[in-house]
Amino acid sequence: MTAHLISVIGSSPGVGKSTLCGALARQYRDAGARVDHFEEADILTRPAFAPVADEFAGGTGSVRPETLVEAVRTYVSQARAEGVDVLVTDALIPFVPSLVAWGHEEAAISAVVRDLVTAVEPTPVTVVYLRDDPDVGLRRALEREGPEWADWYVGRLAGSPGTRSVTSLAAAAEHLRREAELTLRLLAATPWTVVAVDVAGRSAAEVEECARRGLAGPLGA
């Protein structure tokens, strides 16, 4: 199997990214592939992303785009060198939510995405985009995490320069809708394969099956 990077991203918290990543990693391992499962929190602990963690903890609460790009380049290059067949990553690229929160405009974010395209070459990339109504996704996250989560999430957005206008869950939902449009617009300009999966009304198993069907062509499975 040719090395392949799968990035699972979503339109809102609670949309099922981590669940799908775990299921895909198990599927490819069971099929005999050598899999690296990059969980969302790994960005602060993986050696390739040490410069990202250092910058983020350095007091500004943000990371330079070139640091992100170089960390991805290092990570993917190391995975290829180690013979990894499939990289299953939870929200690794294209980093649109973080870049928006840090105050970057669309032109600058588009340039970062172009740099990421070059950074991962020649590894093929498939982005699985889980799509749901942000209001529903936020309610799902609130039910899962508890009532304190809403204040934490809104506070995190309101504390970042690019999302200071978000002061309620309703405002967060509207922000996420605009962010989803931006993400899909930027992805459409890349050579990457994009598999969009609507999660509304679907169980985790049904979402997994839809994603698996979408991935069958790109991975030759």
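Me: Where is the place of Phe95?

Reply: Phe95 is found in the loop between strand 3 and helix 4, where helices (H or I, at least four residues) and strands (E, at least two) are DSSP runs, numbered from the N terminus. This is a predicted model, in which local features need pLDDT of at least 70 and side-chain atom pairs count only at pLDDT 80 or more, whereas totals for chains, interfaces and linings use all residues. Residues are numbered from 1 along each chain as its sequence is written, and side-chain values use heavy atoms, with hydrogens and water left out.

Me: Why is Phe95 called buried?

Reply: A residue is buried at under 20% relative accessible area, exposed at over 50% and partly exposed in between (1.4 Å probe, protein chains only). Phe95 has a relative accessible area of 6%, and therefore it is buried.

Me: Why does Ala91 count as partly exposed?

Reply: Ala91, which also belongs to the loop between strand 3 and helix 4, has 26% relative accessibility and so falls in the partly exposed range.

Me: What is the phi of Ala91, which is not a glycine?

Reply: The phi of Ala91 is positive, at about 65°, and Phe95, another residue other than glycine, has a positive phi near 70°.

Me: Which kind of peptide bond runs from Ile93 to Pro94, cis or trans?

Reply: The bond from Ile93 to Pro94 is cis, with omega near 15°, and Pro94 lies in the loop between strand 3 and helix 4. A cis bond, with omega near 5°, also leads from Glu121 to Pro122, and Pro122 is placed in the loop between helix 5 and strand 4.

Me: What touches the most other members in the largest nonpolar core?

Reply: In this core of 39 residues, Phe49, Ile93, Phe95 and Trp192 touch the most other members, a nonpolar core being a set of buried Ala, Val, Leu, Ile, Met, Phe, Trp, Tyr and Cys residues joined through side-chain atoms within 4.5 Å. The elements that give two or more residues to the core include strand 1, helix 3 and helix 8. A second, separate core has 21 residues, among them Ile6, Ala33, Val86 and Ala211.

Me: Which residues is Ile93 in contact with, leaving aside its neighbours within four places in sequence?

Reply: Ile93 is in contact (heavy atoms within 4.5 Å) with Leu5, Ser7, Ile9, Val72, Leu116, Val125 and Trp192.

Me: Why does Thr89 count as buried?

Reply: The relative accessibility of Thr89 is 0%, and so Thr89 counts as buried. Thr89 lies in strand 3 and stands opposite Phe38.

Me: What makes Arg46 and Asp36 a salt bridge?

Reply: A salt bridge needs a side-chain nitrogen of Lys or Arg within 4 Å of a carboxyl oxygen of Asp or Glu, and the closest N and O atoms of Arg46 and Asp36 are 3.2 Å apart. Since Arg46 lies in the loop between strand 2 and helix 2 while Asp36 is in strand 2, the pair ties together parts that are 10 residues apart in sequence. Asp132 and Arg140 also form a salt bridge, at 2.8 Å from N to O; Asp132 counts as buried because its relative accessibility is 9%, while Arg140, at 32%, counts as partly exposed. The whole structure has 17 salt bridges.

Me: How do you know that the buried residues of helix 7 are on the same side?

Reply: Trp149, Ala150, Tyr153, Val154 and Leu157 are the residues in question, all buried in helix 7. They cover an arc of only 120° around the axis, and so lie on the same side of helix 7, the arc being that of the directions from the helix axis to the C-beta atoms. The face turned away from the buried side carries the exposed residues Glu148 and Asp151.

Note on methods
Two strands pair if DSSP finds at least two bridges between them.
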